[in-house]
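Here is a friendly briefing to read alongside the model. Take a look at the chain first, then go through the notes below.

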Amino acid sequence: MKKVLLYCSAVAAIAAMQSCKNASFDKTKSGLMYKIISDNKSPLVKKGEFIKVHYVQKIKDSVMFSSFSTLPTYAQVDSVGPIYSPMEVFPFVRKGDSLVVVQISDSVVAKMGGQMPPYMKKGDQLVLSLRVIDVLKDEEAVKADRENEMQAFQERENKAVEKYLADNKINATPAGNGVFVEILSEGNGAVADSGKIVSVMYTGTLMDGGKEFDSNRDTARNPAQTPLSFTMGQHQMIPGFEQGLKGLKSGTKAKIYIPSAQGYGQQPMPGGKGFDNLIFDVEIVEIKADTSRK
């Protein structure tokens with residue numbers, strides 16, 4: 001709730017500032033436009049310290065990414081040249097500040113070199129709205145804080161998966177680390193375990209919205225309908241996939257419910273936004289010993 005309130009207050013302040021005709025942005029030496037909303041009560045961040053921020057990235061009215069429902073990011077404050085980056089503005093902020101940075105697509109190409117980013121078009125404005133939620137002294141403090149944030153995030157994700165199962169009246173069994181398994185029909189063959197080669201047919205969907213993002217049952221992607229085969233315990237798959245398969249018998253059909261921390265993390269799946277909780281509909285075709293390891 002506290003994060004939601006922080007986000008709402010920051011967005012409200014940003015919206016009020018942007019809607020005011022007389023409101024003006026400052027510019028860095030590189031021409032980067034920025035605006036700081038501050039009560040000036042906290043001291044300016046010092047060179048070498050780290051700022052902990054939540055942020056929203058937008059082009060026009062489209063939100064490209066928001067960290068407020070996931071994890072904050074950390075940035076070390078340092079003196080930098082005219083690099084057309086938000087890092088130019090970081091030395092001017094304080095704990096509790098809101099910061100708006102505007103990058104023009106044409107300037108991104110001209111000042112930073114390279115091609116136009118695929119998510120931007122000529123004349124686009126990339127608006128980055130940040131909230132400085134803390135200032136940390138050193139890397140050790142950042143590491144401890146990040147670990148606390150990750151633990152809290154994983155707990156929220158696990159509860160989100162549990163809520164999904166409860167809301168949809170799904171009878172699933174915990175498999176550890178927030179992963180759940182729903183047995184659709186149980187096989188009677190060999191058991192999936194570390195060191196065994198497991199062959200699986202699968203379909204992966206996003207828990208939020210149900211969009212399919214991958215499947216080897218799709219004849220366009222896999223005309224021969226070849227199962228996915230891998231050795232358990234060799235970290236060849238995402239952790240939650242192996243966690244869900246472990247202990248299942250050959251011939252079993254099941255659904256595996258995976259929080260993003262045990263999936264692809266921040267990497268967005270097709271149709272997703274990053275930190276996507278996942279569902280895998282699987283059928284274990286074969287389980288056999290990995291004779292190559294003997």
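Of the 294 residues in the protein chain, 40% are buried, meaning under 20% relative accessible area with a 1.4 Å probe, protein chains only. The model is a predicted one, in which local features need pLDDT of at least 70, side-chain atom pairs count only at pLDDT 80 or more, and totals for chains, interfaces and linings use all residues. Numbering runs from 1 along each chain as its sequence is written, and side-chain values use heavy atoms, without hydrogens and water.

**Overall fold**
- The protein chain has four helices and 14 strands, taken as DSSP runs (helices H or I, at least four residues; strands E, at least two) numbered from the N terminus.
- Its C-alpha atoms fill a box of roughly 70 × 40 × 40 Å along the principal axes.
- Among contacts (heavy atoms within 4.5 Å) between residues at least 6 apart in sequence, 68% join residues at least 24 apart.

**Confidence**
- The average pLDDT, the predictor's confidence in each residue from 0 to 100, is 89 for the protein chain, and 91% of the residues score at least 70.
- Over residues 1–22 pLDDT stays under 50, and the model has 21 contacts beyond four places in sequence for them.

**A look at Lys 52**
- Lys 52 lies in strand E3, which covers residues 50–59.
- Lys 52 counts as buried because its relative accessibility is 7%.
- Its side chain makes a polar contact with the side chain of Asp 145 at 2.8 Å; such a contact is a pair of N or O atoms within 3.5 Å, and within protein one must be able to donate a hydrogen and the other to accept it, while residues adjacent in sequence count only if both atoms are side-chain atoms.
- Not counting residues up to four places away in sequence, Lys 52 touches residues including Tyr 74, Arg 131, Asp 134 and Glu 149.

Technical notes:
Buried means under 20% relative accessible area, exposed over 50%, partly exposed in between (1.4 Å probe, protein chains only).
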